[in-house]
Amino acid sequence: MSTERIKQGLLKVFERHRIVFWYDKKIELRKEFDSLELPDIDKIELKNNEFAIKYRLLREQPGRKFLVYQEGQQPPDIDNWLLDVFLANGEFRTDQIAIWLGELGLGLEFADVIQPHAEFFNAVKRREQLQVLIKPDDTPGKLRLKILAVCAGSEPRIDEIVEALLAELAERRDDKIKLIERAGLAPFLWDQLRRYYGYDSERPGVRDFVVQIFKSCYAMGTDGEIKLTGDALVFLRRWKDSRQHEASFEQLSEECAEALSIEQDLQKHDFKRLVEIDYFRLIDQKILSDLVRSVTEKTISPGDCAVFVRRRRQTHWYKEFQDLYQAVDYGAQFIQALDQSRLSSPSVAESVQAYSESWYKLDQLYRKFICHVRRSAQTSLMQNLVELVENLYSNTYLTKVNENWQVLIDASEKWDTPGVTIQRHFFQRWVRPFLDKGNKVFVIISDALRYEAGEELVTLIRQEDRFEATIQPALSMLPSYTQLGMAALLPNRTLKLAEDETGTAIVDGQSSQGTANRTKILFAATQGRAKAIKADDLMGLNKDECRSLIRDHDVVYVYHNRIDATGDKLISEERVFEAVEETLQELIRAIKKLTNANASNLIVTADHGFIYQNRPIQDSDFAAAEPSGEAVLYRDRRFVLGIGLKDHTSLRKFSSAELGLEGKVEVQIPKSINRLRLKGSGSRFVHGGASLQEVVIPIIQINKKRQSDITSVEVEILKGTSSIITSSQLSVAFYQAEPVSDKVQPRILRAGLYTENNELISDRHELKFDLASEKPRERELQVRFVLTRLADEVNGKEVSLRLEELVPDTSHYREYKSIRYVVRRSFTSDFDF
């Protein structure tokens, strides 16, 4: 051993002791002792001078440090005059165990911990990693746990050590567990798992442990045989919810599901009893399969379905299956809403009112249902429910409501009705008042943004801080197609359809086709203070350019086209509902861009709506007539323009005058929701006709406030009749004090039981309070907490149930609310599981 290494070892011992004894048992290190230079430390040698040395150490120089060297073995205790000094101070040894102890700054009392695990200490890197973890108050047990942690590459906590070993198992590796075995630590590992989780096996192993923990935790929720403790459940939940270990949990969950024949066992259980269990992916598949069947067969109420889906949102696999859960929920809501709807009204105005207040919801729910079904890509699972919803939507709702509506249209002499604004009056009714008061106004026209989508947009806008929005219905022009709808939204004295094959709409004698022509029309009506711009061009402006646009103009028309551009193409029409979702987000971004540049008055509207049926269109969906007459100028799937058109019972004919237009062009529209055949064209997405879905358009007015108007729901902890915890579980009710609304936002909290020293002694739950029910009972949330073995250490003491909220833009939590309990558990509480 080199002198320098001896020196470093000695200095480590001197950090903890004033006097250090060194017995050179083999009498081979005299040279090294003599050459040692230890600053501020006196070297002395024992040579039958024990009394003199003892006097010097304790009386003459009680503040000095001494290295006491002796050649040969340490004398027997009975003959050792310096035994008391030796026992009160330190010893330097030059055997391998002593050297390692010295390197680590540990006393000889830890030799029995080091000796059995020599394989571990043979590697310098492992010793260095261990040294970082060592603390002055370490016990032999704590030290052994830290040695185990270094082997596992984790923090020195048993749960994190196990997580690291499970991650290795999931990756089909065994380096860490092999090192643990070589280092003689396996018995200690299994002993720890027995103490913490109740794991006891004749042939212990990491795979055996993980199978057992999945088996026991699954049994806890299904009344099966339980072999592990409640701490095992807490561990599994923590592991399951860890982002770091998500992949290993899912891999091992799948393997254990097969080993435990979970698929077969699930057949024995009612899916409603599985609501809180999420240890296997198969559980969600079982729940969804039964839930779809129950909704289809109407053996579960929509309210119960919604509650069930909401409770599953907090589970591990929900993200993967969320489109299926939401599709089932929307499907159930649609069925209920249709059952409760009366789909007729005595007048045009009352029908528009009924559609804008309630009927639109059926179109919205259908759109949401189909959108989530498509995203889920689970055609087979959803087939029966899809067929039911499709049939109800097309036959019971869409056809019926529009046949009733058609009767009112046939009885009307012209396309206009008191009490409902017609689209051609848009500029005078909604834009001109701002200009008359000297205010600027910004209009966003989203092609084919039908009323139900506009209603959802209002909800999304109102959820933004400081934004307010209102919606009211208007009737689009007939036919409800882009050229005429866009023209009617411009300032106009006269509107006319071109008497040619272009279908162009003419405003005050000028074509309204294209952004340039629309700018000219706006320019003329506003003394040069207006501009038309495409939404993509608006979004491409930088901040200064956007401010200039707003500063230099009193009226700006922004033209957005996502829905119509998607639906009008055969190749993409099936994506039209996804296009609606994209449109809503794009409109929010456009609104924010304008308001950030100081625009304060905004209006969002549409040129027309649309009909979309996801199912294939049948022959019966087409009108029996083939349009004909003196001249058929322009035809689409839902209308025909011409002159001298022949009457037919399946087509409703209008003159230009009846539609509020100039000229002699006639319009024919298939009745109800029927289509005209058109080669090379899709037929599921259509517009141009007179159905409610095509002609009721949204007028959305938006403004931005100066002060924040968003709050979060308040949550209360409902304390039961007792504040005493007597078992290994605690059930607590939380109450959301008010319903979630546009301006009252959800609140996400995490909940757990903590000691006064801030130590978690239960599992921890993340809770989302986003309930919209007006009924207080339906805004209660029951949560069961499982206590860990650490709760035994605070028996008879106070603990707190704490709700915590994440500090925005950080990973830190702050206390939201808490209540106190006293733990008083008897030994029988160990048997609660």
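Predicted model: local features only at pLDDT ≥ 70, side-chain atom pairs only at ≥ 80, totals over all residues.
Residues are numbered from 1 along each chain as its sequence is written, and side-chain values use heavy atoms, with hydrogens and water left out.

Helices and strands here are DSSP runs, numbered from the N terminus, with at least four residues of H or I for a helix and at least two of E for a strand. Two strands are said to pair if DSSP finds at least two bridges between them. On that basis β1 and β3 pair in the parallel sense over six bridges, and strand β2, residues 41–45, pairs with β3 in the parallel sense over five bridges. How enclosed is strand β3? Five of the seven residues of β3, which covers residues 65–71, are buried, so the strand is largely enclosed by the rest of the structure; buried means under 20% relative accessible area, exposed over 50%, and partly exposed in between, with a 1.4 Å probe and protein chains only.

Now to the other sheet I want to show. It is an open sheet of three strands in the order β21-β23-β27, with antiparallel pairing. β21 (715–718) and β27 (780–786) stand at the edges with a single partner strand each, so one side of each is left without a neighbour in the sheet. The twist averages 30° from one strand to the next. β21 pairs with β23, residues 729–736, in the antiparallel sense over four bridges, and Leu718 stands opposite Ala733 in β23.

Let me move on to the aromatic rings. A search of the whole structure finds 39 aromatic pairs, where rings of Phe, Tyr and Trp (its six-membered ring) pair if their centres lie within 6.5 Å, and planes under 30 degrees apart count as stacked, over 60 as edge-to-face and the rest as tilted. Phe21 and Phe86 form an edge-to-face pair, at 5.5 Å centre to centre and with 70° between the planes. Because Phe21 lies in β1 (residues 19–24) and Phe86 in helix α4 (residues 83–88), this pair ties together parts that are 65 residues apart in sequence. Phe21 and Phe86 are both buried. For Trp405 and Trp415 the centres are 6.5 Å apart and the planes at 80°, so that pair is edge-to-face. Trp405 counts as buried at 1% relative accessibility, and Trp415 counts as buried at 5%.

Ring pairs also link a cluster whose members include Trp190, Tyr196, Tyr197 and Trp317. Arg789 lies over the face of Tyr196, at 4.4 Å from the ring centre, a charge being over a ring if NZ of Lys or CZ of Arg is within 6 Å of the ring centre and within 35 degrees of the ring normal. Elsewhere, Lys43 lies over the face of Phe33, at 4.9 Å from the ring centre.

Technical notes: Axes fitted to C-alpha atoms, helices over the stretch in contact; angles between N-to-C directions.
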